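Hi,

Here is the structure I promised to pass on.

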Amino acid sequence: MSTLTARPPVVERVAGWSARHRKTTVFGWLILIIAAVVIGGMASGTKKTAYDPGEAGRAERALDVSGISQQSESVLVQSRSGASFASDADFRSGVADVAAALRGIPGSAADVRSPLDNATETKALVSKDGRSAMVTFVVAGKKDDADTTVVKPLAAVAQIQAAHPGLRVEEAGAASIGKTINDIVATGFQRAEFSSVPVTLILLLIVFGALVAASIPLLLALTAVAAAISLMAVPGRWLPIGDSTSSVVLLIGMAVGVDYSLFYIRREREERALGRSPREALRIAARTSGRSIVVSGLTVMACLGGLFFTRMDAFSGWSVGTILVVGMAMLGSVTVVPAMLSWLGDKIDKGRVPLLGRRRTVARESRFWNFLVRHVVKRPLLWGIPALLALLALAVPGTGLKAKDAGAVDITHGKPISQTLERMQTAFPGGPAPALLVVHGDPQVLKGSEFTGAVTAMERMLPNGAQVSTQTSTDGHYQALSIPLAGDGADSASAAALKHLRSDVLPATLGHVSGIDYNVGGQSASQTDFGDQLHSTTPIVIGFVVLLAFVLMVAAFRSLAIPLTAIAVNLLSVGASYGVVKWIFQDGHLEKQLGFQSYGAVISWLPLFMFVILFGLSMDYHVFVLSRIRELRMRGVPTKQAVVKGVSSSSGVVSSAAMIMVAVFSLFAFMPFAPMKMVGIGMSVAVAIDATLVRGLLVPAVMSLLGERNWKLPRGLRWIPGLALEKSEAPAPARTYGRQEVPIA
C-alpha cells in the first residue's frame, strides 16, 4: 500500500471540487457550451482561405490578388442523332441558346465564349469530329461563393436541355464539381450525424442497462462536439479550416467523448462493488481513471498537433478541430462526470432496460477475458505468435498502398456530372482539367510583342494543337492562361503533361521574357504539389508522433519495455488497417456493397491522417489497461497475475468503448463519398483489431514473456520526469450486496 500524500493530485482535487459543487459544475459546463456557440457565431464572419502547397499554391494566391475567376465552366452540346455542328440547324440553335442564356446572367456567368462567335472560337470549341461543341464561361463573383453562384447557370442549362430534347446539353466545371462534392458531403454528414446519436445511445443502453446512465456519455460527447465545432471559428480567422473539418470533429468527438466517460463511470462502479463509500469511489476513480483520461487526452492532442509539421493548409483545420474536441471531452470527463455521479446518486439507474438493467448495474470482471488471458500468460508463444502472424498478414499488403487523389470522374461517381465529364474528356481531351498558368508583370510587358510571341511559341509546343484561352485582370498586371492537359487531371497522363509543361515548354518560352513571373496551378498541379509536400513531411510527422508517444509512456510507466511494446503494436494495428483499406478500395473489392468505384489508389491524405488519429486514439486503451496492470504491480501482485487481473477488470469498459467507437466510425463507411468511406472502414478495422488481437492476445503475451523486465527503466532514460498515472490503493473492506448489485453514487 502506498502512502497517500497530504495534497492529492490535481485531477483528484478537481473531481472532488466538482462532486461537492455539482450544480455549479453542471450548469457551468452548460454555460461554457452556450458561450462557445455564441463566440463561434460572432467569430464566423471572416474565413481564412486554404491554399495548396508549392507552385500551385502560389498560383492560387496570385489569382486571388488579381481578382480573376478561378472557376471555369463548360457546357457540352451534342446531337443525340450524331449530327455535326456545321450541318445541323437544331445543334447550332442549341449552342446559340446556351450562349444567350449565360450572357443574360452576367452576375453569375462572365467571359462567355461560343463556337458561333468567330472562326478562332469555332476551331477551339468544336471537337475534331465535329459532333461536339462547348460553350465556356467563368463563374462571376468570389471564389468562395462559386458553388452557390453556379446554381443559376446550371438552371439555365437545364431549361435549354428541356427545350431541345434532340440534343444533349450538360454542364461541368470547377464550380459545378465543387457544388456536387459539397452536396454529397453535406448529405452524408447529416446522415451520419443523425445516425450516430441513436446508434450510440442504443449501444450505451446495452452497456449500462439504464437510460440515465447511458445518457451521460452521450450528452458529454454531443456537447463537446457542439462546442468544438463552434469554437473552430476563432482560430479560423487566422488558420484555414475547411468545411470537411466538422465531419472529422464529429467522428473523433463522439468516439473520445463516450470513451472517457465510460472509463470514469466504470471505475467508480468497480470501486463501489469492492465496498467503497460513494465519496471514496469517486476519489479513487479520479485518481486512477481520471489521470488516465488526462494523459490519454493530452497524448491524443499532442499526436494530432503533429499534423502541423506538414505545413499544409488542408491538415491545419483537421488538427485544430480534433484538438479542440478532444480537449473539451477530456475537460468534461474529469469535471462534469464526477459531478453528475455525485448529483444523481442511485437515480443514475433510472430507466432500466428489461433483461439488461439488472445485470449491467453490476461491476464484474469479464469471465471470457479472464479465461483467455490466463491461458495466454501460461503459454505466451502459443497464443502470441499466431496473433502476431495474423497482424503481419494484414499489414504486409498495406506496404503496397498507393496514395493518390481521384479525378473528378471518380470522386463524383454515381452522379450525372461524372458521365458528363467522361463525355467532355472524350470529345475535348484535356479540356475539363486544364493547367492554369498565372503570369504577373507590368501591363506594358504583358501586352508587348515579346510576351505575346512567347505565348504563341508555347502554343506551338503543346501537343495536339491545344488552344489556350486567356483572362486578364482589370488592372492589367495579371494574366491567367488556361492550357489543356492530357488525361483527367489526376492520372499519369496528366502528371506527365504537367511535368512537360513546367520543365520544358515554359522555360523555353516564357522563361526568356524579362519582367514577369509565373506559376502553374490547376487540378493536376495541385495534386502533384500536394503529394510532393506530403511525401517530404510525412517522415517528420511520424517521427514526432512516435517520439512523443515514447517519451510520454516512459514518463507515465517508468519503463522502457512498455513504451516500446505499445509503439510496436500500434504500428502493427495501423499497418493492418492499411492492408484492409488497400484490399477494399485500391484493389476494388466490395465496390457494389459499399457503393464506390475504385481508381487503383486511396485518397492522398488518408495514410498520414489515419496514422496520426489511430496512434493517438489507441493510447486510450493502452494507457487505461496498462495503468490497471501497473497499479496491481505496485501493490505487489506478480506481473503475470497483474496482467490477467488488469486486462479482465478493464475489459468491460474497453470492449464497450471499442464497440461504440467501431459503430460510430462504421457510419462513415456508408457515406456517399469515397474518402469518408475509407476513413470509416480504416479506423473501424484498426480499433477492432486494437481491442481484440492486440489487447487480448499480443500485449499479454509480450508482457508475460518479459516478466519483471516490463518495469525496468535504463539509467540513460531516468532524466525523463515521472508522470504517475495510478497510485495503488489499499484493498477495500469486504462488503456484501444482495444479488451482487452495486448502488451508483
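One term before anything else: I call a residue buried when its relative accessible area is under 20%, exposed when over 50%, and partly exposed in between, using a 1.4 Å probe and protein chains only. Bear in mind that this is a predicted model, so local features need pLDDT of at least 70 and side-chain atom pairs count only at pLDDT 80 or more, while totals for chains, interfaces and linings use all residues. Residues are numbered from 1 along each chain as its sequence is written, and side-chain values use heavy atoms, with hydrogens and water left out.

Let me start with I252. With a relative accessible area of 1%, I252 is buried, and it sits in helix α10. Helices here are DSSP runs of H or I with at least four residues, strands are E runs of at least two, and both are numbered from the N terminus. If you skip neighbours within four places in sequence, the contacts of I252 (heavy atoms within 4.5 Å) are T322, V325, V326, I613, L617 and M683. I689 is 437 residues away from I252 along the chain, and the two C-alpha atoms are 18 Å apart.

I252 also turns up in the largest nonpolar core, which has 162 residues; I252, F315, W605 and M683 are the ones that touch the most other members. Helix α24 supplies the largest share of this core, 18 residues. There is a second, separate core of 24 residues, with A435, F451, I483 and I516 among them. By nonpolar core I mean a set of buried Ala, Val, Leu, Ile, Met, Phe, Trp, Tyr and Cys residues joined through side-chain atoms within 4.5 Å. As background, nonpolar side chains in soluble globular proteins tend to be buried together.

Now the charged pairs. A salt bridge here is a side-chain nitrogen of Lys or Arg within 4 Å of a carboxyl oxygen of Asp or Glu, and searching the whole structure gives 16 of them.

- E271 and R267 pair up with their closest N and O atoms 2.8 Å apart. They are 4 residues apart in α10 (residues 245–273), so about one helical turn separates them. Both E271 and R267 are buried.
- D529 bridges to R502, with 3.0 Å between the closest N and O atoms. This pair links distant parts of the chain, 27 residues apart: D529 is in α21 (residues 523–557) and R502 in α20 (residues 492–508). D529 is buried, at a relative accessible area of 8%.
- E631 meets R628 at 3.6 Å, N to O. Since they are 3 residues apart in α24 (residues 606–634), about one helical turn lies between them. E631 is buried at 2% relative accessible area, and R628 is buried at 6%.

What ties some of these together? A network of salt bridges links R267, E271, R276, R628, E631 and R635.

Last, helix α3 (residues 54–66). Its 13 residues should span 18 Å at 1.5 Å a residue, and its end C-alpha atoms are 19 Å apart, which agrees; the expected span is 1.5 Å times one less than the number of residues. E55, A56, G57, A59, E60, A62, L63 and S66 are buried in α3. The buried residues of α3 pack against β5 (435–441), β7 (478–483), α20, β8 (516–522) and α21. After α3 comes G67, with a positive phi near 85°.

Cheers
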